[in-house]
Amino acid sequence: MGNPTNRGSLMNHQLRSLFFIWSMILLSIILMVIPVPDVIEQYRLPWLKMTVIFFSIFNISLIGIISVWFSGLILDIMTGGLMGENALILAVLSYLSYRFRFQVRVYPMWQIMIVVLILLSLGELIALWIHGVSGNMFFNIYDWINVGIAVVVWPIFMRGLEKMQSSFLE
């Protein structure tokens with residue numbers, strides 16, 4: 001049998017990691033719904049999508065498609081949008097990020113940024129498709145500009161989350 005102290009320490013580490021992940025998901029949801037001036041509203045980054053992509057690639061053991069689906073439903077409820085839209089988008093992004101996590105982890109930063117660009121663009125295409133099917137076809141150029149800004153900000157976002165995670169789990 002293993003050492004009970006090691007198992008307790010491992011369980012404590014997993015609980016702290018789970019708490020950190022859900023804290024970051026809730027913070028991302030708050031950043032998506034907090035009221036801001038109209039000028040800033042147009043350039044609101046897809047924080048929750050970025051967070052889901054990060055944790056699906058770099059911290060895979062404690063985040064799954066079902067938990068991402070529920071966080072998307074929470075965002076749908078809080079934004080008053082089409083129910084299930086963000087849930088579906090986040091589930092697809094989480095699955096693809098998880099599926100290709102081993103390949104993406106070894107890429108240099110510029111290639112990771114391209115992968116993030118592809119994933120976020122896919123999310124926007126799914127949203128566009130959902131709006132088209134629901135009869136509310138609305139192409140917003142700012143959504144695509146925000147994807148570009150998110151990709152440029154990705155290295156800072158990724159390093160910041162890595163530093164916060166390592167300091168939180170120590």
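**Exercise 1. Salt bridges**

Task: State how many salt bridges a search of the whole structure finds, and describe them.

Solution: The model is a predicted one. Searching the whole structure gives three salt bridges.

Step 1. E41 is bridged to R44, and their closest N and O atoms are 2.6 Å apart. E41 is partly exposed, because its relative accessibility of 36% falls between the limits of 20% and 50%. R44 has 14% relative accessibility and counts as buried.

Step 2. K49 and E124 meet through their side chains in a salt bridge, at 3.1 Å from N to O. This pair links distant parts of the chain: K49 belongs to helix α3 and E124 to helix α7, 75 residues apart. K49 is buried at 11% relative accessibility, and E124 is buried at 12%.

Step 3. R159 forms a salt bridge with E162, with 3.0 Å between the closest N and O atoms. Both residues lie in helix α8, three residues apart, which is about one turn of the helix. R159 is partly exposed, with a relative accessible area of 43%, and E162 is partly exposed, with 29%.

**Exercise 2. Two aromatic pairs**

Task: Classify the ring pair of F19 and F168, then the ring pair of W47 and F157.

Solution: The search of the whole structure finds nine aromatic pairs, and two of them are treated here. Two values are needed, because a pair of aromatic rings is described by the distance of the centres and the angle of the planes.

Step 1. The rings of F19 and F168 are 5.9 Å apart, centre to centre, with 25° between the planes. Planes under 30 degrees apart count as stacked, and this pair is stacked.

Step 2. F19 is in helix α1 (residues 4-33) and F168 is in helix α8 (residues 141-169), so the pair ties together parts that are 149 residues apart in sequence. F19 is exposed at a relative accessible area of 53%, while F168 is partly exposed at 31%.

Step 3. For W47 and F157 the centres are 6.0 Å apart and the planes make an angle of 45°.

Step 4. W47 is partly exposed at 21% relative accessibility, whereas F157 is buried at 12%.

**Exercise 3. Ring cluster and charges over rings**

Task: Name the residues that ring pairs link into a cluster, and say which ring faces R99 and R101 lie over.

Solution: 

Step 1. The cluster linked by ring pairs consists of F19, F20, F54, F55, F58 and F168.

Step 2. R99 lies over the face of F100, 4.9 Å from the ring centre. R101 lies over the face of Y98, and here the distance to the ring centre is 3.9 Å.

**Exercise 4. A nonpolar surface patch**

Task: List the residues of the nonpolar patch on the surface, and find which helix gives the most to it.

Solution: 

Step 1. The patch is formed by I66, W69, F70, L88, W129 and V133, which together have about 650 Å² of accessible area.

Step 2. Helices α4 (65-79) and α7 (109-133) each supply at least two of the patch residues. α4 gives the most, with three residues.

Step 3. I66 is found in helix α4. I66 is exposed, because its relative accessible area of 60% is over the limit of 50%.

Key. Residues numbered from 1 in each chain as written. Predicted model: local features only at pLDDT ≥ 70, side-chain atom pairs only at ≥ 80, totals over all residues. Heavy atoms only, no water. Phe/Tyr/Trp six-rings, centres within 6.5 Å; stacked < 30°, edge-to-face > 60°. Helix = DSSP H or I, 4+ residues; strand = E, 2+ residues; numbered from the N terminus. Buried < 20%, exposed > 50% of the residue type's maximum accessible area, 1.4 Å probe, protein only. Lys NZ or Arg CZ within 6 Å of the ring centre and 35° of its normal. Patch = residues over 30% accessible without salt bridge, like charges linked within 9 Å, V, L, I, M, F, W, Y side chains within 5 Å. Areas by Shrake-Rupley, 256 points an atom, 1.4 Å probe, with all protein chains shown as cover. Salt bridge = Lys/Arg side-chain N within 4 Å of Asp/Glu carboxyl O.
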